[in-house]
Amino acid sequence: MHRTEGLVSTIIPVYNRPAMLRKAVTSVLEQTYRPVEIIIVNDGSMDGTSWVADSLRKDNPKEVQVIHQSNLGPGAAREKGLVEARGEFIQFLDSDDRLLPKKFDLQVAGLNAFTNCALSYGKTREYSINEAPVNVPSRRTGEIHTNIFPAALRGRLWATETPLYRRKALDSIGPWSSLCVLEDWEYECRLGGRRAELHYCDEFVSDHLHHEGSREGLRWRESKKAFRDLLAAHLKVLEYAHVADVVEDSAEMRHFARNLFRLARDAGARGLVEDAKQLLKLASGLDRNRRSEYRLYRWSTMLLGWERAAAWGAHLAAGRTRWEHR
């Protein structure tokens, strides 16, 4: 497909969020930067979202297009939009979040000035939908990172709407995965595995909103398939960290190991014994300081079984947390 120099393509997957979609699209139309295109991917909505999406296209025919598809999940929806996008730069925006007006101006300027950088990120505010925003950077968006690793081993550095990507960099890492949770973290860390350089924009660029509606990223709490996707995302991220030569005895890797241990306990409690064994083995290999603790836990699973051992481990962890905060 023909790429248009300077064009920013914004891809918005949406499922059953008509009012929020309108505000998300408006936040793109209000950008001080041009040219822009907006690709709404209606991911099988069953309410008024389809009508709102089509009305937005009708009102803004030069800048908005709509793709309707059956429900395939956010990653697949973003990939569908990416295939159709013509921009030199790519913005992913979830339908419940918003961009601040100067985002594209600031971040395109950054990427044009630093042509070696794969993406530009800035500060994001995070608050509930009925609250007034406060200019406090969320997650780690107030910190300067030149690479995604090793910092990403402590969790996502930003929310999905925070970065602006160079399209050429995304073309180098392949399509979005079929994971239904943490697909955005896995996608970003693929870039990290290539040691992609980052540009930092020291301005607030976006808003990440909390609300009472459903969030795809929390499905793992109820769905075994989503939980398995959660585990798969962690394994992929570890793979990319190794490719990026993250030191195994680093503080970030030890933090990641502790997360793997918690996931191992959770997997065991859910009856996913083989997954639990793999995670526990990985955690033990990555965190030498706690190897005896992990070994003790493995013995407990042999005596108590994985489900009872998980309950025992959670009780000990809660006790340790209370002690550490006394």
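How many of the residues of helix H6 (residues 183-193) are buried? Eleven of its eleven residues are buried, so to speak under cover, where buried means under 20% relative accessible area, exposed means over 50% and partly exposed lies in between, with a 1.4 Å probe and protein chains only. Among them are Trp-185, Tyr-187, Cys-189 and Leu-191. Arg-195, which follows H6, has a positive phi near 55°.

Before we go on, a word about the model. It is predicted, with local features needing pLDDT of at least 70 and side-chain atom pairs counting only at pLDDT 80 or more, while totals for chains, interfaces and linings use all residues. Residues are numbered from 1 along each chain as its sequence is written, and side-chain values use heavy atoms, with hydrogens and water left out. Helices (H or I, at least four residues) and strands (E, at least two) are DSSP runs, numbered from the N terminus.

Now look for the sheet. Eight strands make up an open sheet with mixed pairing, in the order E3-E2-E1-E4-E7-E6-E8-E5; two strands pair if DSSP finds at least two bridges between them. Strand E3 (64-69) and strand E5 (98-99) are at the edges with a single partner strand each, so one side of each has no neighbour in the sheet.

Let us follow strand E6 (residues 117-128). Ten of its twelve residues are buried, so E6 is largely enclosed by the rest of the structure. E6 runs parallel to strand E8 (residues 197-210), and ten bridges join the two. Along this pairing you can find Arg-125 with its bridge partner Asp-207, and Tyr-127 opposite Leu-209. With strand E7 (residues 164-166), E6 pairs in the antiparallel sense over two bridges. Here Ser-120 stands opposite Leu-164. As a general rule, side chains in a regular strand alternate between the two faces of the sheet.

The loop between E6 and E7 holds Ser-138. Ser-138 counts as buried because its relative accessibility is 9%. Leaving out residues up to four places away in sequence, Ser-138 touches Thr-124, Arg-125 and Glu-126, where contact means heavy atoms within 4.5 Å.

Apart from neighbours within four places in sequence, Asp-229 is in contact with Ser-178, Leu-179, Cys-180 and Val-181.
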